[in-house]
Amino acid sequence: MRAAEDDFDGGPVHRPARASAALDRGAEIGLVTTPEHGEPGPRAAFLDARSLIGCRHRLHLDATYPAALVEVREDPGVQQRREAASAHRTKVRDELVAAAPADWVVIDPRLRAGDKAAATMAAMAARAPRIWGGLLPQEADTGRRGGAEFLLRDDDRGGYIPIIVVNHKVTDPRRPDPADFHPLTSDLFRWQPRRDKHVKLRPQPRDQQRLAHLYRMLQRHGMASPALVGGAIGLAFDRILVHDLTSVLADYDQRYADRIAVVRGELPTQPSKVPECRQCPWWVRAPGAEEEHSCEGRLVQMRDVSLVAPGSRAEVLRLHDVQTIDELAAWEGAEPEDWQHGPFDETVVTARAWIAGAPLVRRFDQVSVQRADVEVDVDLESYQEDGAYLWGTLLDDVYRPFFTWVPLPTEDEGRSFGEFWTWLMGVRADAHAAGKTFAAYCYSRTAEDKWLYESAHRFAGMPGVPTREQVRAFVDSPEWVDMFQAVTDQFICPNGKGLKKIAPVAGFGWRDPEAGGEASMGWYRRAVGYDADSDLSQRTRLLEYNEDDVRATQVLRDWMTRKAVAEVPSIADFGR
């Protein structure tokens, strides 16, 4: 299984594995808190753009109770993605500066913050064509702080254009076809924004918010380009995506005013379940924090509606005076006119199932799963965007992994992928030759499809590696079955649809209590010796984790076929 994408694009920030003081977490969000008698005191608060996206309540808790986070260790997967983002910025800097050294002023990253800001302002005053690593002066009145990887002098209009370097994709390839909108992009080494028919925009609100934040800071000193644009260099490092900030600034101003007021203690916040909760220390309870600071505990105590209708669903329901799960379960009449989150009656059933303690609810009288004479379960393990180092399979209760332990990226990945594909297609061909049906199963095919296509492209011509057309023919066929889709189509899932939520209902459990995409990132680094000598025990751990994932898919499929109807209540069981 794979970890969620995240890349920490707010610029390099030192985050120790264990905080050394109560203010460490506060420093990360730009906060200084002066405690008085152990209670939150007057706040001299500074906020950077990273805190403009995400949970307001977490921002409040981080700011108000920094001492509770002293013992919180950063998740290894989070730390590794942060390191990857830093490495990406370094690569971009080195290549851009090497192309035209005379055009660049590189701010010394070892300087103290005040000295960095002074050096940045001096470089802009001297009209330096390009500035790397610029930090802008903190604003005591507004609370803004921040910096840009790249400040580009606007030779035509004067001032500077902020350009950020991010470790995620900012565009996707576009096949030649008609389109109503083509994004503006520029060459990396020469600023020439033009409409680009070769790519389509990948929406990244956090990038736009950060660019608006930097624009306002430049504007304060009369250093913002009148062009009202910013730029983003993404993971591909092949172009600069140009963002028009004209329509972004009003939303940014409103959002910033709200967030700085939260940090200053001027606005109240309440917990509400959102995707961010999965990795938040406040969800269960940060070490040393009072019990009432546990968001999960508070929400369960309040029976808050976001537990069964998280994120924007809860926001819509609250507009209709539905605050609790019980109020949602008792809903009568037509669905809200502004509801745009799937069938509303299923949301009501989800609330009733939560009250009853039912982990799943059948949508239909019968449960069906595509079965075949020959069945193969497939799961991959990847490391960030570097590649897929392990393809695990299960056939006739025998686990077969195809892997490389050469640190990614490596050509040896192509060897292991070619061996996996050759084996899988061989099993398929043998089944067809014997007059038998064949199916390969995964759980949530997005990652598998991605790495099938990308591996075919990156390792084209290597032994056993298919063409992209061969990959497409397979994944578009009925023989490639996504068990996640089978679950989604046939069950309402009050507690979530992830494999580690669903498979235990079918009676499956993982051997490793820490099994998960985030944890596997750290295991992989130790397994291949990124930071020290290779730890062979971590290779075994990864193989067992991957084997458990494919066995979970197989167990789930058998359970859905044989037992689900008898063990899972139906929608009809939760009628009024």
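Tutor: With burial. A residue counts as buried under 20% relative accessible area, and as exposed over 50%. Keep in mind that this is a predicted model.

Student: Why is Arg352 called buried?

Tutor: Its relative accessible area is 15%. The cut-off is under 20%. Therefore Arg352 is buried. This arginine sits in helix H11, residues 344-356. Its C-alpha atom lies 5.3 Å from that of Ala329, 23 residues apart along the chain.

Student: Which residues of H13 are buried?

Tutor: Ala447, Glu448, Asp449, Trp451, Leu452, Tyr453, Ser455 and Ala456. Their cover includes strands E14, E15, E17 and E18, with helices H12 and H14.

Student: What span is expected for H13, and what does the helix reach?

Tutor: The rule is 1.5 Å times one less than the number of residues. H13 has 13 residues, and 18 Å is expected. From first C-alpha to last, H13 reaches 18 Å, close to that expectation.

Student: What makes E8 and E9 a pair?

Tutor: Pairing takes at least two bridges. E8 and E9 have two, in the antiparallel sense, so they pair. Leu184 stands opposite Arg195 in E9.

Student: How many bridges link E12 to E8, and how many to E11?

Tutor: E8 and E12 share three, antiparallel. E11 and E12 share five, also antiparallel. Ile240 in E12 is the bridge partner of Ser186 and of Ile233. Four of the five residues of E12 are buried. E11 and E12 form a hairpin with six residues between them, and Phe237 in the turn has a positive phi of about 50°.

Student: How do H15 and H18 cross?

Tutor: Their axes come within 11 Å and cross at roughly 35°. The crossing is left-handed. Met483, Ala486, Val487 and Gln490 in H15 meet Thr553, Leu556, Arg557 and Met560 in H18.

Student: How many residues of each class make that contact?

Tutor: Five nonpolar, two polar and one charged. Arg counts as charged, so Arg557 is the charged one.

Methods:
Residues numbered from 1 in each chain as written. Predicted model: local features only at pLDDT ≥ 70, side-chain atom pairs only at ≥ 80, totals over all residues. Heavy atoms only, no water. Axes fitted to C-alpha atoms, helices over the stretch in contact; angles between N-to-C directions. Left-handed = near helix turned anticlockwise from the far one by under 90°. Contact = heavy atoms within 4.5 Å. Buried < 20%, exposed > 50% of the residue type's maximum accessible area, 1.4 Å probe, protein only.
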